[in-house]
Amino acid sequence: MSIAQTPEWEALLAHRRDLEGATLRDLFREDPSRGETFTAEAGDMFLDYSKNLVTGETLRLLVALAERAGLRERIDAMFRGERINVTEDRAVLHVALRAPAGEVIEVDGQNVVPWVHEVLDRMSAFAERVRSGEWRGFTGKPIRSVVNIGIGGSDLGPAMAYEALRDFSDRSRAFRFVSNVDGTDVWEATRDLDAEETLFIVASKTFTTIETLTNAQSARAWLVGALGDEAAVANHFVAVSTNAEEVAAFGIDPGNMFEFWDWVGGRYSFDSAIGLSLMIAIGPAHFREMLAGFRQMDEHFRAAPFDRNLPVLLGLIGVWYGNFFGAETHAVLPYSQYLWKLPSYLQQLDMESNGKSIDLDGSPVDHQTGPIVWGTAGTNGQHAYYQLIHQGTKLIPCDFIGFARPSHEVGRHQDLLMANLFAQTEALAFGKTREQVQAEGVPPSQVPHRTFRGNHPTNTILATALTPRALGRLVALYEHKVFTQGTIWHIDSFDQWGVELGKALANRIVPELEAGSEPELAHDSSTNSLIRRYRRMRHAGGRT
């Protein structure tokens with residue numbers, strides 16, 4: 001039975017009708033302590049969800065929906081290593097990547113935790129060799145630049161985390177991330193580097209991903225061209241993969257291959273060997289601190305009651321707006337410049353996970369699933385798209401993320417930054433009435449334009465400071481929020497078949513673009529016409 005056909009869903013539909021016309025002004029007036037009671041904590045992470053259109057009854061009904069969906073059982077199944085990724089028949093064990101050494105988490109009767117720590121120890125040893133200058137390039141120079149080559153989860157995760165933890169990184173080295181098959185990406189990443197001092201980390205589980213291997217081959221050609229010897233590849237390339245044969249064929253010593261496993265999805269993987277570039281940047285000790293933060297949120301998610309469980313609460317509130325209010329997007333607004341890549345990272349985490357229209361039983365879903373996720377760092381967005389959130393016609397739930405302590409004490413910047421965060425959530429919740437605007441003496445013709453309806457929902461997530469541990473907690477918070485929603489919608493949050501069709505068609509089109517003579521084309525009329533026009537424009541010469 002679809003979750004949308006259950007009594008719990010019907011009860012929420014009825015409750016939604018009962019709340020028709022309710023406002024956040026009303027809810028706060030009726031309950032002056034609402035700002036203290038509609039909160040939850042995990043470690044030093046604090047969630048204020050009081051500025052949402054929810055009551056105690058809403059939460060009770062949403063928790064009942066989660067229980068009906070079997071959320072507790074599915075959480076336990078994930079941590080037990082069961083094959084909950086049903087379409088690929090795989091376990092889902094990113095939680096094992098941050099498990100303590102003595103824990104037992106089994107897949108097919110094998111405890112995977114020792115494997116995780118073996119790779120983690122190898123990563124640590126290698127990172128220390130690079131950071132200390134012991135690992136040297138082909139000509140004997142130490143490594144001063146590290147370039148991570150990957151795509152999707154092999155790029156977005158480590159790139160986001162490096163930017164987030166830049167303040168903990170080795171500032172004497174350059175760290176760059178290449179993902180786009182557009183040659184400009186690899187060209188810009190290498191154009192000003194010294195090949196003698198550059199290390200490339202090629203991150204690809206199968207070592208066959210066309211974008212990653214194309215970029216890696218171009219980087220290899222750049223290196224060999226600069227150093228004049230194919231043997232240089234062994235000193236300047238390492239791999240994160242499971243395919244030792246292809247790694248060796250590329251010229252990388254399989255002894256310099258760092259493994260991860262098929263029970264780690266790409267978008268859940270930067271705390272695995274995929275994070276090797278990050279570990280070199282911030283050092284093994286800080287990397288392990290980050291893993292400890294992940295683990296703290298894992299334990300909270302696994303043990304806390306649903307009505308005080310941060311990932312569950314975020315997930316349920318998202319279901320409330322998506323399925324019962326018709327909200328289609330969700331904004332993530334970190335008030336930290338170091339987190340400017342977090343929304344992009346969460347786009348993949350959320351939309352690749354829950355962008356599904358078929359349920360676990362192979363049937364079409366009869367309800368809305370994952371939202372469109374977007375956002376930028378505050379305060380930049382305030383001068384770009386907040387206008388639409390405040391006065392537009394769309395309902396856009398928002399997560400505001402802030403920290404009590406700045407990464408750098410610079411004048412009065414931190415208090416100004418956080419004042420903006422608090423002011424935005426207040427303005428979105430309560431707006432500005434016509435009477436308030438009129439009382440300010442605004443010209444009558446402007447009154448409608450300067451009135452704010454309010455009633456726009458927000459969550460506020462506060463932590464003490466942006467540290468490796470705090471980043472681990474934050475990312476795990478969103479991982480488990482996505483899992484919560486996928487469970488309620490009865491979809492597989494861990495496959496991504498939707499990315500495959502375009503890849504297959506691209507592989508078919510590539511030889512048609514590269515052919516010396518006009519190829520036979522058998523696409524639709526639009527695609528055929530575009531290919532022919534591209535070929536003419538490509539070979540016309542010159543720029544216009």
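1. A cavity here is a set of grid points where a 1.4 Å probe fits but cannot get out, and its lining residues have an atom within 4 Å of a point. Keep in mind as you read that this is a predicted model.

2. With that in hand, the structure holds 2 cavities of 30 Å³ or more.

3. If you want to find the largest cavity on screen, look for Gly-318, Gly-322, His-330, Pro-371 and Gln-485, which lie nearest its centre among the 17 lining residues. Helix α14 (310–324), strand β10 (329–334) and helix α19 each supply at least two residues of this lining, with α14 giving the most, 5 residues. By type, the lining divides into 7 nonpolar, 8 polar and 2 charged residues.

4. The lining of the second largest cavity includes Leu-97, Val-116, Val-119, Leu-120 and Met-123, as well as Glu-259, Trp-261 and Asp-271. Its residues divide into 7 nonpolar, 1 polar and 2 charged.

5. Helix α7 (residues 153–164) is also worth a look. Its 12 residues should span 16 Å at 1.5 Å a residue, and because its end C-alpha atoms are 16 Å apart, the two values agree.

6. How many of the 12 residues of α7 are buried? The count is 11, among them Gly-153, Asp-155, Pro-158, Met-160, Tyr-162 and Glu-163. The buried residues of α7 pack against strands β5 (145–149), β6 (174–178) and β7 (198–203), and also against helices α12 (276–282), α15 (342–354) and α19 (468–489).

Methods
Residues are numbered from 1 along each chain as its sequence is written. This is a predicted model: local features need pLDDT of at least 70, side-chain atom pairs count only at pLDDT 80 or more; totals for chains, interfaces and linings use all residues. Side-chain values use heavy atoms; hydrogens and water are left out. Helices (H or I, at least four residues) and strands (E, at least two) are DSSP runs, numbered from the N terminus. The expected span of a helix is 1.5 Å times one less than its number of residues. Buried means under 20% relative accessible area, exposed over 50%, partly exposed in between (1.4 Å probe, protein chains only). Contact means heavy atoms within 4.5 Å. On a 1 Å grid over the protein atoms alone, a cavity is a set of points where a 1.4 Å probe fits but cannot get out, and a pocket is an open set with protein on both sides within 12 Å along at least five of seven lines; lining residues have an atom within 4 Å of a point. Grid points are joined across faces, edges and corners, and a volume is the space filled by probe spheres set on the points. Ala, Val, Leu, Ile, Met, Phe, Trp, Tyr, Cys and Pro count as nonpolar, Asp, Glu, Lys and Arg as charged, and the others, Gly among them, as polar.
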